Each structure stands twice: as C-alpha cells, then as structure tokens.
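Good morning, everyone, and thank you for coming.

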Amino acid sequence: MAPKKEVKSDDRPLAKAVTEDFWKALHGGRYEDIGPLLERHKQAYLTHPYDADIAAHTGFLHMWRIAESARSPALVASVTDDMSMARVYFGDAVQLRPDWALVRGFWASTVLAEGAIHKDEARVRDGFFKLEDAVAMWPELNLFTKAIMLAQTKHDSPQYAQAVEAFWTNVEVCADGKPDRKNPDFSKFARPDPNDPRKAICFNTWKAPYNFEGSMLVFGDLLVKQGEVEPAKKVYASARSSPNYERWPYRALLEARIAGAAANVEAFRGEPREQPADRKFITGAAFTCTVCHQKEGPPALGAPTASR
C-alpha cells in the first residue's frame with residue numbers, strides 16, 4: 001500500500017556538474033576518477049534520490065570499476081561489492097523509469113552477475129529472465145548486453161553458445177539481414193536508418209563514440225574464444241569500415257587481435273588472472289567499457305598504442 005517513488009529530475013548545479021564530469025571521465029577513459037565521482041554522485045543522490053539519471057550513472061560507475069578491475073595494481077575481494085551496489089542503483093533507476101530499456105538491461109546483468117558471484121542459482125536465473133525481458137524491450141542494445149554477460153562462461157558451455165548466438169542475432173537485427181556466419185561480409189547489407197531511435201544504437205553515438213568499432217572487437221573476441229578464427233578476423237576487420245576508425249584509441253589493439261587471432265584461442269579460454277595483459281579476453285580486460293566509450297586519451301593497460 002506504500003506510495004510509489006516518483007521520478008523528479010534534479011536541476012541543482014551539483015547534479016549538472018556530476019553528470020558532466022561523469023561523461024568527461026568515461027570519454028577520457030579516466031578510470032582513476034571513479035572513486036571521487038562516486039562520492040559526488042552519492043552526495044547528489046542522497047539529497048535528491050528521485051533523479052533516474054543520477055541513480056543510473058552511479059550504478060554505471062560501480063559497474064565500470066569492477067568491469068575494468070584489471071587496471072588495478074592488485075585484485076582485492078571487496079571489488080565484488082561494486083556489483084551489488086551497481087544492482088542497487090540500477091534497480092532504483094528502473095523503479096523510477098520502468099520503461100528505460102538500456103538501464104533495465106544493465107540492472108538485469110548485475111542481478112545475474114551477483115548471483116554468479118555468490119553461487120546463488122535462483123538469483124542467476126532471475127537475472128537471466130530479467131535480461132530476456134530487456135532484450136524484448138530493445139533487442140538492438142540488450143542482445144549485446146546479454147552476449148557480453150554470458151561470454152564470461154566456459155567456451156564449451158551452453159551459456160557461451162548462447163552468448164555467440166545473441167551477438168549474431170544482434171548483428172542481424174541491426175543489419176536487417178543474415179550474414180554468412182563462416183564468411184561474414186557486413187558491407188552487403190543496407191545500413192539501418194540512424195534516425196530510427198531503436199536503430200541508433202547500431203551506430204556510433206555521442207555517448208559511445210566508437211560503439212561500432214568496439215562492438216566488432218568484442219564480437220571478434222567471442223568468435224576467437226569459440227575457435228572460429230577466420231570469421232573472427234573478418235568481423236574484427238569490419239571495424240575498419242568506420243569513418244572514425246583512424247581516430248579510435250583502440251585501433252592498434254584491434255590490429256593486434258587480427259594478427260594474433262589463432263594464438264589467442266587458448267589464451268582467451270584460460271583463467272582471466274593468467275592471461276597476459278595484452279591478450280586478455282574482453283570480459284576480463286582493462287578496456288571492457290572504454291573500448292566503445294573512450295573518445296580520447298591513452299588506451300588502457302594492455303592495449304598497444306597506435307602510431308599516428
């Protein structure tokens with residue numbers, strides 16, 4: 001019988017400032033700013049817990065910290081707390097804006113991941129079906145979210161097969177066609193309308209300036225781990241078709257992925273802690289988020305620097 005929490009934008013200078021600083025940090029790849037940014041976001045949130053954007057950004061900062069924890073000099077067990085806090089803040093954003101498909105996908109993935117951390121099968125399944133609901137709301141986006149979450153499983157598991165299938169379906173939804181999975185050539189398909197709000201996520205956006213390039217690197221990694229080396233090299237290479245490719249901070253990393261695809265099969269199947277910094281599978285790398293979102297600045301640890 002309790003009244004629902006209602007969304008109300010925070011128009012104070014503090015809220016505006018932390019939002020601007022959030023995007024500056026993400027676009028600059030400044031992982032070291034996460035701690036101070038979380039403190040300021042929570043100051044804004046605790047004095048006005050009705051702004052869905054502030055809640056969502058707080059959740060994403062926690063997710064970014066655990067997703068790219070390979071940047072940290074030492075791995076500490078308490079980093080898993082970030083997944084729990086990301087779930088709390090994403091859940092609050094979804095409560096305030098139930099139709100926000102993007103954040104609903106993030107929230108579902110944190111429920112699933114938190115269940116995996118605590119070996120709680122009921123929570124894992126709850127997260128999976130929440131993620132399926134998010135996919136139905138916005139497949140162009142949340143098929144990617146589903147793929148990258150399930151890709152953390154063993155290469156020969158049914159869940160990993162679902163991850164790869166989700167990414168192929170993501171490509172098909174965006175391209176409005178079915179590429180040859182053994183010899184993918186995305187140039188044969190018409191580009192979707194960038195003005196279609198549901199298709200916009202298939203392109204580079206101001207929030208994810210290298211979304212296409214980064215997505216092709218992620219997809220290529222998934223195929224390499226599966227052992228599909230030649231299709232993976234073609235998927236990687238498709239990133240070069242972007243007009244922004246030469247400015248992408250991670251293009252040298254992608255070129256190294258193409259050259260080392262065959263050798264990376266076993267590396268990507270190993271335990272994340274044992275993978276060399278320059279041959280880490282995407283879900284355990286220091287650039288899991290920034291590979292799409294970083295606009296400027298040096299690439300993260302383990303990513304080679306391109307000559308200009």
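By the rule that a disulfide is a pair of cysteine sulfur atoms within 2.5 Å, how many disulfides does the count come to? The count comes to 1 disulfide. Before I go on, please note that this is a predicted model, where local features need pLDDT of at least 70 and side-chain atom pairs count only at pLDDT 80 or more, while totals for chains, interfaces and linings use all residues. Residues are numbered from 1 along each chain as its sequence is written, and side-chain values use heavy atoms, with hydrogens and water left out.

The disulfide is formed by Cys-174 and Cys-202, with their sulfur atoms 2.0 Å apart, and the link is left-handed, with -80° about the S-S bond. Cys-174 lies in helix H8 (residues 158–175), and Cys-202 lies in the loop between H8 and helix H9 (211–226), so the pair ties together parts that are 28 residues apart in sequence; helices here are DSSP runs of H or I with at least four residues, numbered from the N terminus. Both Cys-174 and Cys-202 are buried, where buried means under 20% relative accessible area, with a 1.4 Å probe and protein chains only.

Cys-289 is buried at a relative accessible area of 10%, and Cys-292 is buried at 7%.

How values were computed
Disulfide = S-S within 2.5 Å. Helix = DSSP H or I, 4+ residues; strand = E, 2+ residues; numbered from the N terminus. Buried < 20%, exposed > 50% of the residue type's maximum accessible area, 1.4 Å probe, protein only.
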